[in-house]
Amino acid sequence: MSNKIVVPVVLVLVATLGAFFAVNSQLTSLQSSPAQSQSLGAVSIQFASAGLDAASQGQANGQGQGNGQGQGHTTSGTITNVVVRFTKVEIHAANSTGNDGWTTLNVPETIIDFTQSASVSTIINGASLPAGKYNQIRLFADHVTISMRSGESLVQRTLNIPSGKIEVPITPGGFDLAQSGTVSVTLTFTFNANELAHNPKNMTPVVKAQVA
């Protein structure tokens with residue numbers, strides 16, 4: 001009879017000790033989380049525009065029209081608006097490779113007209129990121145609309161950005177985000193008016209990312 005009683009008692013003790021260590025582990029994890037949250041910094045990203053390249057605007061207005069002949073959708077004229085719709089922004093940790101290390105930054109759908117060279121728009125204001133070094137930003141855009149005046153007519157076209165994204169290295173060599181630190185990155189866009197006027201499908205802006 002005594003052997004039959006000992007076995008259940010031992011099982012109860014094991015179960016009790018297991019529950020104790022599980023609870024203790026959870027408490028330790030909860031206590032360590034504030035320390036982890038304190039290792040965050042904040043990053044802000046703003047878009048600026050260098051406007052349309054002056055030389056390319058001259059080409060779009062009549063010079064170099066042979067670039068688009070035979071495609072059936074080309075028009076020469078003066079570009080008046082370049083509107084891009086962005087849907088997502090990602091930033092890359094420098095100590096990661098390939099697709100590892102990309103963090104999605106919460107951003108509302110943003111529509112920006114880049115023809116005004118003085119325009120600056122803050123797209124992300126103080127996003128929290130783990131402290132560390134970051135070296136690249138990836139922008140996702142699904143819609144580009146250009147407006148072009150040709151004589152008395154105003155023509156609008158929809159273009160695509162290849163792969164739906166723009167990958168921009170942060171110069172020079174990225175930035176170090178310190179614990180509780182703040183960093184502001186400015187993305188400056190430049191567009192080639194000749195490309196916009198004569199390419200019926202795609203466009204690729206030149207984008208530079210610099211720490212302000």
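A: Start with the group of rings: Phe47, Phe86, Phe114, Phe189 and Phe191 make up one aromatic cluster. Some ground rules: this is a predicted model, where local features need pLDDT of at least 70, side-chain atom pairs count only at pLDDT 80 or more, and totals for chains, interfaces and linings use all residues. Numbering runs from 1 along each chain as its sequence is written, and side-chain values use heavy atoms, with hydrogens and water left out.

The structure holds nine aromatic pairs. Rings of Phe, Tyr and Trp (its six-membered ring) pair if their centres lie within 6.5 Å; planes under 30 degrees apart count as stacked, over 60 as edge-to-face, and the rest as tilted. Take phenylalanine 47 with phenylalanine 86: their centres are 4.8 Å apart and the planes are at 55°, a tilted pair. Phenylalanine 47 belongs to strand β1 (residues 40-52) and phenylalanine 86 to strand β2 (residues 78-93), so this pair ties together parts 39 residues apart in sequence. Strands here are DSSP runs (E, at least two residues), just as helices are (H or I, at least four), numbered from the N terminus.

How exposed or buried are these two? Phenylalanine 47 is buried at a relative accessible area of 1%, and phenylalanine 86 is buried with a value of 1% too. Buried means under 20% relative accessible area, exposed over 50%, and partly exposed in between (1.4 Å probe, protein chains only).

Phenylalanine 47 has another partner in phenylalanine 189: those ring centres are 5.1 Å apart with planes at 70°, so the pair is edge-to-face. This pair links distant parts of the chain, with phenylalanine 47 in strand β1 and phenylalanine 189 in strand β10, 142 residues apart. Phenylalanine 189 is buried, as phenylalanine 47 is.

Now for the charges over rings. The rule is NZ of Lys or CZ of Arg within 6 Å of the ring centre and within 35 degrees of the ring normal. The charged end of lysine 88 sits over the ring of phenylalanine 140, 4.5 Å from its centre. Arginine 138 puts its charged end over the ring of tryptophan 102, 3.8 Å from the centre.

Arginine 138 turns up again beside glutamate 90: their side chains make a polar contact at 2.7 Å. Such a contact is a pair of N or O atoms within 3.5 Å; within protein, one must be able to donate a hydrogen and the other to accept it, and residues adjacent in sequence count only if both atoms are side-chain atoms. The glutamate 90 side chain also makes a polar contact with that of threonine 104, at 3.4 Å. Glutamate 90 lies in strand β2 and counts as buried, at 8% relative accessibility. Skipping neighbours within four places in sequence, glutamate 90 is in contact (heavy atoms within 4.5 Å) with Trp102, Thr103, Thr104, Gln136, Ile137, Arg138 and Phe140.

Last, the backbone. Threonine 171 and proline 172 are joined by a cis peptide bond, omega about -10°, and proline 172 is in the loop between β8 (165-171) and β9 (175-177). Serine 163 has a positive phi of about 65° without being a glycine; this serine 163 is in the loop between β7 (153-159) and β8, exposed at 67%. Serine 180 likewise is no glycine, yet has a positive phi of about 65°. Serine 180 is in the loop between β9 and β10 (182-191), exposed at 61%.
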